[in-house]
Amino acid sequence: MFNKFLSIYKKELGSYFNSLIAYVFLVLFLVIPGFFFFFFLGGIFKEDMASMRVYFMILPYVFIIFIPGLTMGSWSKENNDGTVELLFTLPISEWVVIMGKFLAALTLVCIALGLTIVTPILVHIFMGNFDIGQLITQYFGAILMACTYIAITFFISSLFKELIISFLLSSVVLFLLAISGYITNASVFSFPDWMGFFKIFLNEISLSTHFANFSKGVIHSKDIIYYLGLALLFFYFNLKSLESRKWR
């Protein structure tokens, strides 16, 4: 079983690096968030202290474009090429295939996050020492959040053959989940008292709300449970989507 998983993992990771996808993803992920952090959002100078909080606060929104762009072909391309049917003929569990693909995508995201270590190094140079424990928590939260984003986009990719539809729908779903918490806290939106439960619901399902504590360097068990639970839920949806195609 492990050898089969490793084979899928290597194949998927290799497919990223055998094309321009991985290199474009890594370069853009390193440059664009850093540019916004230092030149557009004020970055370290906004808080006048050695902190990466502003940088990590924008990650939920950066992931909305980057992760669907990376994973839109995870299943859509298989569906379009007809190779997904070939996978079903192999003596291998669908879970193994999903996990192999998932960990390949997560590995690339982790590499991208690892390259961003350049940013805290620059923060250290300009602003002095900062809390290493807080930085570790921020990266840990970013990886958890990436797991959820990848799981959601994988499921949506399994539903379509067209890459652009997979990308656009994934981005829209992630955008709505990310801003739902902002809507409940924004002064421009007013909820009547009888919609209090709906307001709480929007806040609790928000991808960005649950990342807010991590961006501050705080770990709450409910945030970990949220990300892992949502990722597992969409893994299950992904599995059922593939099983329905298999039976058809």
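Which residues of α13 are buried? I put this to the model, which is a predicted one. The buried residues are Leu207, Ser208, His210, Phe211, Asn213, Phe214 and Ser215.

**Entry 1, helix α13.** I noted that α13 spans residues 207-215 and is mostly covered, with seven of its nine residues buried. I then looked just past the helix and found Gly217 with a positive phi of about 90°.

I listed the contacts of Phe56, leaving aside its neighbours within four places in sequence. Two of them, Phe211 and Ser215, are also among the buried residues of α13.

I looked up the largest nonpolar core and found 66 residues in it. Phe56 is one of the residues with the most contacts inside this core, together with Phe25, Phe29, Leu59, Phe63 and Tyr149. Helix α10, residues 132-157, supplies the largest share of the core, 14 residues. As general background, I wrote down that nonpolar side chains tend to be buried together in soluble globular proteins.

I searched for disulfides and found zero. For Cys110, the nearest cysteine sulfur is that of Cys147, 7.2 Å away. Cys110 has 31% relative accessibility, so I logged Cys110 as partly exposed. Cys147 has 13% relative accessibility and therefore counts as buried.

Notes
Residues are numbered from 1 along each chain as its sequence is written. This is a predicted model: local features need pLDDT of at least 70, side-chain atom pairs count only at pLDDT 80 or more; totals for chains, interfaces and linings use all residues. Side-chain values use heavy atoms; hydrogens and water are left out. A nonpolar core is a set of buried Ala, Val, Leu, Ile, Met, Phe, Trp, Tyr and Cys residues joined through side-chain atoms within 4.5 Å. Buried means under 20% relative accessible area, exposed over 50%, partly exposed in between (1.4 Å probe, protein chains only). Helices (H or I, at least four residues) and strands (E, at least two) are DSSP runs, numbered from the N terminus. Contact means heavy atoms within 4.5 Å. A disulfide is a pair of cysteine sulfur atoms within 2.5 Å.
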